Amino acid sequence: MSEHESPATDRGAAAPGRPVRADARRNRDRILSVARAAFASTAEAVPLDAIAREAGVGIGTLYRHFPTREALVEALYSTELDKVVSSAPALLSALPPEAALRAWMDGYAAFFQVKRGMSATLRAGWASGSIATPATRERITAAIAEILDRGARTGSLRADVDPEDVTMMLLGVFLSTTASDSPERTGQLLDLVVDALRHSAGRNG
């Protein structure tokens, strides 16, 4: 069976309007978890049957949840983007703004690493329209703006920085590193970004 084909039957899938069974939800979550680890570990195409096997489900179960590779990639991308964007308020409630920003950057780095492994499928899907184009840049920048605003109000982060510029700085870090670079290398670069965003008495703002 091609990775772009789905099984003829759909036993176990929820009928339209009916809630997804708990075991089906667990299978879906497990598939996404395994796919996340697989895409984060390599830029090569990951076979869907390998994902199903590692998740402990049959290939038919995988196809019932994700009929194509594009469907799996779109669902994973959306899930990971939601996770990194929604983490900003939780981090700000638990940490000072400067520490929240650095922890958020680690989450964004992890998201970018997963995205790297899905890049070929994403580009093809966005070009063909089979994968919806998400407002990634806007959502990431809004999360950064929320953290910077809190830091500016507490006096720990600069108030004269455009959040869009920070997004560009972070993309520069991620695009300048490769899958072979150590996490420590990426962390050092992110530390430099945070250093540039700290409030200083010698700076305006």
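Leaving aside neighbours within four places in sequence, E164 is in contact (heavy atoms within 4.5 Å) with R137 and T141. The model is predicted, so to speak of local features a pLDDT of at least 70 is needed, side-chain atom pairs count only at pLDDT 80 or more, and totals for chains, interfaces and linings use all residues. Residues are numbered from 1 along each chain as its sequence is written, and side-chain values use heavy atoms, with hydrogens and water left out.

Both partners of E164 are reached through polar contacts, that is, pairs of N or O atoms within 3.5 Å in which, within protein, one must be able to donate a hydrogen and the other to accept it, residues adjacent in sequence counting only if both atoms are side-chain atoms. The side chain of E164 pairs with that of R137 at 3.0 Å and with that of T141 at 3.2 Å. At 27% relative accessibility, E164 is partly exposed, a class lying between buried (under 20% relative accessible area) and exposed (over 50%), with a 1.4 Å probe and protein chains only.

E164 belongs to helix α7, residues 163–176; helices are DSSP runs of H or I with at least four residues, numbered from the N terminus. At the start of α7, a side-chain oxygen of D162 comes within 2.9 Å of the backbone nitrogen of E164. Buried residues of α7 include V166, L170 and F174. The buried residues fall within an arc of 155° (taken from the directions from the helix axis to the C-beta atoms), so they line one face of the helix. Their cover includes α5, α6 and α8, while L175 and S176 are exposed on the other side.

How values were computed
Helix = DSSP H or I, 4+ residues; strand = E, 2+ residues; numbered from the N terminus.
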